[in-house]
Structures are given as structure tokens and as C-alpha cells.
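The sequence and the structure are shown first.

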Amino acid sequence: MKNNNKIKKYHNPVGESKYTGLFLVMPFIVGFFLLQIYPFVVSFVLSFTKFSINDTPEFIGFKNFKMLFSDSDFWKAFFVTFKYVIMLVPLKIAVSLLTALMLSTRIKGMGFFRTLYYIPSILGSNIAIVIMWSFLFTSEGLVNQVLDAVGISKIGWYGEETPAMWIIVFLRVWEFGSTMIIFLSAINDIPRELYDSARTDGAGNIKTFFYITLPMLKNAIFLNLILQMITAFQEFNAPFLITGGNPLKGTYTVAMMIYDESFKYYNIGYASALSWVLFVVISLLALLIFKFTKKIRSD
Amino acid sequence: MKYSKFRKFTSLLSISLSFIFISSCGKTEENKILPDGSLDKCTLRFSWWGGDDRHDATLKAIELWNKKYPDIKIEAEYGGWDGWTEKLNTQISGDTAPDIMQINYDWLINLSKDGLGFYDLNNLKDYIDLSGYDNEILSFGMREDKLNAITISMSGRGLFFNKDIYSEIDAEIPESWKDLIYLGNKFKEYEKYPLDLDIQSGASAWYLSVVYVQQMTGKQFITMEGELGFTSDDIKTALDFYKSLEDNHVIRSVKTRAEQDGNSALYQSPKFIDGTIAGVLEWGSAVGKYENVLKNSSLVAGHYLKSSDGNSSGWMIKPSLMYAISDDTKYPDEAGAFLDFLLNDEECAEILGTSRGIPANRNAYNALESSGKLCGISYDSSEYLGKTDPVTLSPYFELSQLKEYYNTAIEKVSYGILTTQEASEELFDNVKKYLERIR
């Protein structure tokens with residue numbers, strides 16, 4: 001009789017020494033140290049220096065941080081960034097959730113629609129698309145032409161702070177694909193039996209949404225909230241390319257200020273201090289969200 | 001235990017690396033590679049910014065070089081102006097700057113305070129023929145006793161008008177400030193504007209306002225040594241002048257401009273291309289990009305505006321563009337030879353034409369003159385400027401941080417956030433403090 005219990009041995013082509021694992025993850029470790037840990041530590045040290053390109057850093061203690069808090073541009077940039085986060089994150093989560101609900105229905109050809117809705121997320125990071133987006137909102141742009149055609153008066157999108165911010169928010173909401181995918185997979189994990197028994201008890205679509213879907217999605221909502229908040233706080237590309245931070249610095253985010261201070265005004269020490277303040281703010285907010293949602297998440 | 005050891009190790013490694021980084025900052029002369037007296041086979045990187053006219057001409061010049069010196073290959077790195085400073089700064093701070101660079105006059109202040117930021121071209125005199133330059137022109141590229149950069153052209157910012165639109169509405173090209181103001185009402189009837197000024201990276205709105213006040217007062221806004229020459233009242237006069245241009249429909253308000261063009265540069269604006277905007281204030285060395293986009297009309301160089309009593313002073317001139325060699329170059333001899341080709345070679349001069357303005361180098365100038373290529377609006381503007389009494393623009397004038405202050409003041413006045421009195425006080429304080437800090 002053949003022995004079926006024999007353990008099959010696999011040959012590892014890279015080697016079987018105790019260092020093989022380390023060797024295999026080395027590309028990540030090297031990249032992580034050089035591109036993440038090293039700049040992270042250096043920027044911290046530089047935040048206590050006066051440092052310009054081609055100069056030797058000069059240690060100045062907490063002076064950069066003191067200057068920051070008396071800099072009106074810093075407060076304005078933080079206000080603008082908070083405003084952007086508040087305008088974007090809830091809207092993006094709501095749009096992603098609604099689309100995910102729509103795309104979770106089991107009809108023929110749904111795979112095609114899921115792909116279609118994900119495309120903006122791929123295109124949105126393309127500079128050409130961002131620039132094209134900016135043309136849609138000029139006074140003679142497509143958006144105003146559509147508004148005009150349906151009898152709504154044209155909007156001076158770029159001329160005022162809040163409408164200019166909406167241009168960026170709409171772009172980022174349009175790229176809802178990744179957020180939607182998280183919701184979609186969470187929706188698919190909800191046991192169908194819950195819906196079946198709720199419907200047997202006479203619950204309609206609205207009730208099942210609020211009493212089954214939403215509570216079952218709390219972890220996905222939390223994850224999206226954290227991820228989107230962190231990304232939004234670091235927004236740079238869209239305002240840089242679309243509005244240039246204008247008008248009246250109404251779309252000038254903290255990330256843009258860091259960039260300008262570093263590469264336009266050569267204040268690398270000051271920019272490093274600014275980066276660290278942003279890092280601390282994002283970390284504190286993430287901690288607060290973790291703390292305040294702990295009870296809801298564990299229920 | 002093992003984890004704690006690993007954590008200690010990573011912390012120590014990171015901290016040591018940061019100190020290595022800091023101790024390696026700053027430039028020293030010992031790091032530089034000295035010329036070895038021979039031209040070896042290599043590849044050099046050459047970067048510039050500009051419009052399509054400059055790109056096309058420069059690429060053709062590189063083709064010519066490659067035919068003459070097939071062993072020294074040139075890799076071109078080029079693009080538009082927006083974001084160029086930041087890109088180059090990143091390269092310089094990361095020691096990955098191109099071997100040969102087109103740079104701006106004011107960059108020398110920040111990038112080479114002690115003359116060590118760029119290669120000292122005095123060491124490459126065997127390759128670079130400087131006989132075509134006056135000492136004064138060469139002095140613009142000196143930092144301490146080192147020749148960091150060589151002026152390509154001297155240029156002023158002049159007015160250029162769409163002559164077809166002006167003829168269409170029967171308007172005269174303005175000769176004085178009064179004429180310019182008068183044109184506003186005339187153009188308003190046709191829903192057009194005789195001129196446009198911006199608060200983007202060029203800060204042309206503030207530039208023209210400064211010229212106006214310099215002409216009225218005889219003062220220089222910022223001196224060559226970086227002293228603020230204007231009083232708060234002078235700045236107020238400049239802002240009042242700017243506001244009068246908006247109020248008289250000479251230029252679009254900041255808000256209208258933003259609504260119509262978004263963040264685009266004027267030469268990319270449909271309003272400029274379709275002739276709604278019929279004038280621009282631009283460097284003679286960079287006006288080509290405006291000419292290129294006009295398909296059904298053409299530009300003409302305007303006069304340098306003067307006061308009613310005929311005073312035409314106050315306009316400014318500067319080394320509009322310069323070439324420098326990276327202090328990190330591994331091929332100083334070859335870079336020097338290529339730089340000489342760009343500056344002195346007759347064939348190259350003819351190919352480049354006036355794409356970087358009228359050459360400051362006599363050899364290149366003569367080559368263009370004898371081939372009949374000294375023409376066009378860039379040349380006309382340069383000739384008109386020569387008939388005024390221009391002052392040399394302070395290298396401090398165009399520092400990015402200062403431009404940010406000018407633009408902010410103009411924007412606040414335009415939106416009515418501040419009165420010209422309040423904005424002038426704010427701008428005066430900001431400029432004064434900044435100049436004191438960096439001098």
C-alpha cells in the first residue's frame with residue numbers, strides 16, 4: 001500500500017538558509033530606510049535648523065516652530081486644509097457608499113460597470129486629466145455651459161474661495177474607486193440571511209440599509225474615514241495644478257506651503273518644522289477618531 | 001529583547017545618517033573636479049525652460065553640436081517656466097543638477113551666496129572665449145571673485161500689442177501712460193482689453209506699477225545692493241496706479257482673469273488667442289511663445305510708455321538669462337566646450353536666433369547681424385529700450401518670496417480686501433524685513 005502521509009518537500013530556489021527570508025524582504029527594508037525612515041529623521045533634525053540649499057544647517061532650537069505659530073499664512077493654510085477635509089471626506093464616503101450599494105446588486109454585466117466606475121481613480125492621478133479638469137470650470141468651460149443650458153446662472157468657479165475649492169473636491173470625489181472597492185467587498189461579506197429574515201419580518205429597503213447594511217459596514221466606514229482624512233490633509237497635486245492656491249490663498253493647503261517654503265523660498269528648516277506640525281496634527285486626529293469610534297466599532 | 005536591540009539599532013542608524021547628511025551639506029571647493037585639458041567621450045545634460053520657439057531652436061543647435069562633436073552627446077532637459085525653479089532647486093539640492101543649465105539672474109543670490117554654488121568658469125577659460133563680452137556684462141555673473149554664470153542676453157520687459165486687433169478697432173498703439181488709460185474705454189466698447197497683467201510667477205502687474213513710480217519719482221524700487229528705495233507712499237502710488245488700470249478697463253481685474261483663465265498662463269488663455277486681450281508685458285527674450293499661439297494675427301513691439309512731459313525713464317533692463325555649469329559636473333572640460341559653442345559658434349548663433357533675446361555676446365550678435373537675423377519684435381523692443389534711459393534691475397527684485405508679497409498686495413487691492421493705503425503699509429513692511437533678513 002502506498003504511503004499517502006509522506007510529507008512533500010519543496011525546494012526553495014533562492015536558498016534555504018536562515019537568512020533567506022531576510023534576503024527576500026531586503027529590497028523593501030532598504031527602500032523603507034532610505035525613502036521613509038531616513039527623510040523622516042533628517043526632517044526632524046532639520047526642523048531645528050536654519051537651512052537653505054547649498055548652505056550648512058545652523059542650529060536655532062525651536063525658533064522655526066515659534067515663527068510658524070506667528071505666521072498668518074500658516075494659520076490660513078491650516079484653515080484651508082481643514083475646510084478641504086471637511087468638504088471632501090464625508091462627500092466622498094457618501095458617494096462611494098451609494099455607488100457600492102448600487103454596484104452590489106446582482107444583475108448581469110455588473111463586472112463591466114464596476115470596472116467603469118473604477119477608471120476615474122486610475123485617470124485622476126494623471127497630470128493631463130487634472131489639467132483638462134481645470135479647463136472644465138473656466139467661465140466659458142463645459143460646466144458653466146451645462147449650467148447655462150439648464151437655466152442656472154454661470155458660476156465664477158476660480159474667482160471665489162469656496163467655489164474654487166469645490167473644483168478640487170469634485171475631482172477627488174470623482175476618483176472614488178478605491179473607497180468604493182472597500183465598501184463593495186464589505187457589502188459582499190454581509191450574510192444574505194440577515195436581509196432575508198428582515199424582509200420576512202416586513203422591513204423595506206430603507207430599514208434594511210439603516211439597521212443591517214450601515215451597522216455591518218462600520219469598520220469599512222472607519223477605515224475609509226481614516227485613509228481619506230490622511231490623504232486629504234496631504235493634498236498637493238490638485239490645488240497646485242488647478243488653482244495654484246488661489247484666489248486669496250483660498251485653496252493654498254499646508255502641503256503647498258511646505259513645497260513653497262522648501263523649493264521656492266529655500267527655507268528648508270522652516271518647511272521641515274511645518275511638515276512635523278502637519279504630521280502631529282494628522283496623528284492626533286487619527287488617534288481621536290480611533291478613540292471616539294472605539295465603542296461603536298466594538299459593539 | 002531582540003526587538004529592543006533592533007529598535008536601538010534603527011534609531012542609531014537613522015540619527016547617524018542624519019548627522020552624515022547635515023555634515024555633508026554645504027559646498028566646498030575640494031569636491032570639485034578640475035579640468036584635465038582634454039575632451040573625452042561622455043554624455044552631458046543640458047537644461048533650459050522656455051516656449052516652443054526656444055525648444056525647437058535649441059534642439060536644432062544640439063543636433064549641430066552632435067554632428068561636430070559626436071563623442072560628446074548632449075541630453076536635453078526642457079519644459080515651460082512654471083515649476084522650473086522648484087525642479088532645478090530639487091536637482092541642485094540632491095546633487096543631480098544638469099551639467100549645463102540656463103538660469104535666472106536672481107538665482108545667484110540664493111544658490112551661490114559665496115560663489116561656490118556653481119562651477120567657477122574662470123577655470124574654463126581655455127574652452128570658453130569671453131572676448132565677446134564687456135566687463136560690465138560679465139560682472140552680472142560674478143559671485144565673490146568667481147564667474148558663476150555668463151549672461152546670454154540683456155533684456156527688458158516691454159509691451160507687445162496685437163496689431164490686427166488694434167487696427168480692427170482703430171486704436172493707436174499707446175506711447176504714454178495717458179494713452180494707455182484712454183484705450184481702456186475704447187476697448188470696452190468692443191468687450192476687449194488693450195493689455196493684460198498678471199499676479200502669477202512673472203508678477204507683471206507689480207512690475208509695470210513699479211516702472212510707473214520709478215519714472216515719476218526717479219527712485220529705484222530696490223537698489224542693486226538690496227536696499228528698499230521706495231517709501232510706503234511710493235508703494236501706495238504704485239498700487240493706486242494698478243487699481244486705476246483695472247478701474248479704467250485697461251486690464252482685467254484679478255477676479256475676472258481667474259474666472260476666465262483659471263490658473264493658465266496668458267499665452268495659453270483662449271482670451272489672448274482669440275484677441276479679446278490685445279496686449280502683454282513680457283521680456284523681449286520670452287515673447288516668442290505669445291507670437292506662436294496667434295494664428296490669425298500678429299504682435300508688434302510697443303513703445304516704452306512715458307509721462308506727458310516726455311520722460312521715458314524708469315524702465316528696467318537685466319541679464320534676462322544666463323548659462324551656468326553645475327559644480328558637481330564630472331566633465332568640466334566638455335561642459336565648457338559646449339558652453340562656448342552655445343555662446344560663440346556662428347552657426348549655432350544663427351540657429352538660436354533671438355529665441356533667448358538679443359545676444360549679449362558680440363560674436364553671436366555679429367553673426368546674427370551679418371545673416372540678417374537681427375529682426376522681429378524681440379529685436380524691435382530691444383532697440384526701443386535702448387532709446388530710453390533704462391536702469392539695471394536689482395537681482396533682489398525678482399526673488400520668489402518678494403514676488404509673493406507683491407502679488408498678495410495686488411490681489412488684496414483688486415478684491416477690495418485692503419485699501420491701497422493698508423496694502424502699501426503691509427507690502428512695505430514685508431519687503432523691508434525680508435531684504436534685511438537676506439542681505
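This is a predicted model: local features need pLDDT of at least 70, side-chain atom pairs count only at pLDDT 80 or more; totals for chains, interfaces and linings use all residues.

| Strand paired with E9(B) | Residues | Bridges | Direction |
|---|---|---|---|
| E3(B) | 100-103 | four | antiparallel |
| E6(B) | 149-162 | seven | antiparallel |
| E10(B) | 391-392 | two | parallel |

Individual residues show where these pairings fall. Met322(B) in E9(B) lies opposite Ile103(B), and Met322(B) also lies opposite Thr151(B). Ile317(B) has Thr392(B) of E10(B) as its bridge partner.

The helix pair is in chain A. At what angle do helix H4(A) and helix H8(A) pack? The angle between H4(A) (residues 110-123) and H8(A) (residues 177-188) is about 140°, and their axes are 8 Å apart. H4(A) is therefore oblique to H8(A), since an angle has to be over 145 degrees to count as roughly antiparallel.

On the H4(A) side, the contact is made by Tyr117(A), Tyr118(A), Pro120(A) and Ser121(A). These residues meet Gly177(A), Ser178(A) and Met180(A) in H8(A). Sorted by class, the residues of this contact between H4(A) and H8(A) are four nonpolar and three polar, with no charged residues.

Note on methods: Residues are numbered from 1 along each chain as its sequence is written. Chains are lettered from A and ligands numbered from 1 in the order in which they are written. Axes are lines fitted to C-alpha atoms, for helices over the stretch in contact, and angles run from 0 to 180 degrees between N-to-C directions. Angles under 35 degrees count as roughly parallel, over 145 as roughly antiparallel, 65 to 115 as roughly perpendicular and the rest as oblique. Two residues are in contact if their C-beta atoms, placed from the backbone, lie within 7 Å. Ala, Val, Leu, Ile, Met, Phe, Trp, Tyr, Cys and Pro count as nonpolar, Asp, Glu, Lys and Arg as charged, and the others, Gly among them, as polar. Two strands pair if DSSP finds at least two bridges between them.
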